[in-house]
Amino acid sequence: MKDNEIGMFDAKTHLSDIIREVMAGKRFFITRRGKRVAEIRPIPEDKKDLVRGCASNPGYRMSDDFDAPIEGMEDLS
């Protein structure tokens, strides 16, 4: 048996301990008669939807010189 595999009876008996380890990032496979039948793993954190208009999103920051003239661009007009 591999380190991340646990039998169904042991999983039921030690569920609290397993959940604690899963919360720390570990993944387990539950086995029945030596065959993997289920997986217990951490749930990925929800990604927050972006608000329309990127400046409305938290953490958005624009450089102070964003609208400053770009050197050498005057030749292109």
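## A residue on the surface

Met23 is exposed, because its relative accessible area is 70% and the cut-off for exposed is over 50%. The model described here is a predicted one. Met23 belongs to helix H2, which covers residues 15-23.

Met23 is also part of a nonpolar patch on the surface, together with Leu15 and Ile19. The accessible area of Leu15, Ile19 and Met23 together is about 320 Å².

## The chain as a whole

Two helices and three strands make up the secondary structure of the protein chain. Their order along the sequence is β-α-α-β-β.

The protein chain has 77 residues, and 14% of them are buried. Taking contacts between residues at least 6 apart in sequence, 24% join residues that are at least 24 apart.

## The nonpolar core

Six residues form the largest nonpolar core: Ile6, Ala11, Ile18, Val22, Phe28 and Ile30. Helix H2 and strand S2 (28-32) are the elements that give two or more residues to this core.

Phe28 is one of the core residues. Apart from neighbours within four places in sequence, Phe28 is in contact with Asn4, Ile6, Ile18, Glu21, Val22, Ala38, Glu39 and Ile40. Among these partners, Ile6, Ile18 and Val22 are also listed in the core.

## A buried glutamate

Glu5 lies in strand S1, which spans residues 5-7. Is Glu5 buried or exposed? Glu5 is buried, because its relative accessible area is 15% and buried means under 20%.

The side chain of Glu5 makes a polar contact of 2.7 Å with the side chain of Arg36. With neighbours within four places in sequence set aside, the residues in contact with Glu5 are Phe29, Thr31 and Arg36.

## A loop residue with positive phi

Where is Arg33 found? Arg33 sits in the loop between strand S2 and strand S3, the latter being residues 35-40. The phi angle of Arg33 is near 55°, a positive value in a residue other than glycine.

Arg33 is exposed, because its relative accessible area of 80% falls in the range over 50%.

Methods: Residues numbered from 1 in each chain as written. Heavy atoms only, no water. Helix = DSSP H or I, 4+ residues; strand = E, 2+ residues; numbered from the N terminus. Buried < 20%, exposed > 50% of the residue type's maximum accessible area, 1.4 Å probe, protein only. Polar contact = N/O pair within 3.5 Å; in protein donor to acceptor, adjacent residues only side chain to side chain. Contact = heavy atoms within 4.5 Å. Patch = residues over 30% accessible without salt bridge, like charges linked within 9 Å, V, L, I, M, F, W, Y side chains within 5 Å. Areas by Shrake-Rupley, 256 points an atom, 1.4 Å probe, with all protein chains shown as cover. Salt bridge = Lys/Arg side-chain N within 4 Å of Asp/Glu carboxyl O. Core = buried A, V, L, I, M, F, W, Y, C linked by side-chain atoms within 4.5 Å.
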